[in-house]
Amino acid sequence: MYLVIVACLGAILWIPPLPATVITFEEAGLHLLDPLSTQLASLGVIFNISGGAALIGGPFVPPASSAVSGRYLMINTCHYLAQTCSGTPAVLTVYFVAPWDSTLPAYVDGSTISFDLWDTNDTPLPRVIVHAYDVAGGHLGTLNLLSEFVNNVTGFTGPVHRLVFVDHGADGHVVDNFRFGALTAVPEPASFLLVGAGLVLAGSYRRRAASSNNRARKLGS
Ligand SMILES: [Ca+2]
Ligand SMILES: [Ca+2]
């Protein structure tokens, strides 16, 4: 019985990582010029934009050697729909979350993250600055993107929970083929409470079993 309880607790704590994902922005349910936010939560990512707009783009042809293709994520520094410029940088945050519950944070190994980026405006440099953070808000590193387009941007390390793309230029930028490896969800507090209750139950069972054995030994002596 004790082993069964421990095995159940292990099953609760261990959430298996999910396989790698590539987001092409061609996913079902996405339409041209849709603002992007939580539509891809079932894949383990949600998007938040401030100081601009994050839209599904596609009508503009990228440079020939760019890996950007078809539809892509278009970050507009000026709000595309309102046609207004706030003068502040566009800040896109990509959060990794549990695909079955987007309120649960998740993280991926930073070395598994990559994407293709395209930004025609070279003023100011860097064209795009990307920061990585862990679940606790710790800063894991920064990448500065200097070229008109960069295929297969990599270089992140550590358990990345969110990426923050900052663009001070006037024309925004484009992200495509956003790839990341196995997602690991962070167990919610309720799981720890459940595990704690289970450990108390297991301890109580062991004490009762030991007490029964002692009584049996005394009766037999
Ligand atoms: Ca695409
Ligand atoms: Ca730009």
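A residue is taken as buried if 20 or more other C-beta atoms lie within 10 Å of its own, as exposed if 12 or fewer do, and as partly exposed in between, with C-beta atoms placed from the backbone. The model is predicted, and local features therefore require pLDDT of at least 70, side-chain atom pairs count only at pLDDT 80 or more, and totals for chains, interfaces and linings use all residues. Residues are numbered from 1 along each chain as its sequence is written, while chains are lettered from A and ligands numbered from 1 in the order in which they are written.

The secondary structure of the protein comprises 2 helices and 14 strands, where helices (H or I, at least four residues) and strands (E, at least two) are DSSP runs numbered from the N terminus. The protein has 221 residues, of which 29% count as buried. Two residues are considered in contact if their C-beta atoms, placed from the backbone, lie within 7 Å. Among contacts between residues at least 6 apart in sequence, 74% join residues at least 24 apart.

Strand S3 spans residues 53–57, and because 4 of its 5 residues are buried, S3 is largely enclosed by the rest of the structure. Strands are treated as paired if DSSP finds at least two bridges between them. S3 pairs with strand S4 (residues 72–76) in the antiparallel sense, over 5 bridges. Within this pairing, methionine 74 of S4 is the bridge partner of leucine 55.

Two cis peptide bonds are described next. One joins threonine 123 and proline 124, with omega about -5°; proline 124 is located in the loop between strand S7 (114–118) and strand S8 (128–133). The peptide bond from leucine 125 to proline 126 is also cis, omega being near -10°, and proline 126 likewise lies in the loop between S7 and S8.

Positive phi values in residues other than glycine were also examined. Leucine 33 has phi near 70°, a positive value in a residue other than glycine, and is situated in the loop between strand S1 (21–23) and strand S2 (45–50). Leucine 33 counts as partly exposed because it has 13 C-beta neighbours inside 10 Å. For asparagine 177, phi is positive as well, near 50°. Asparagine 177 belongs to strand S13 (residues 173–180), and its 20 C-beta neighbours inside 10 Å are the reason why asparagine 177 counts as buried.
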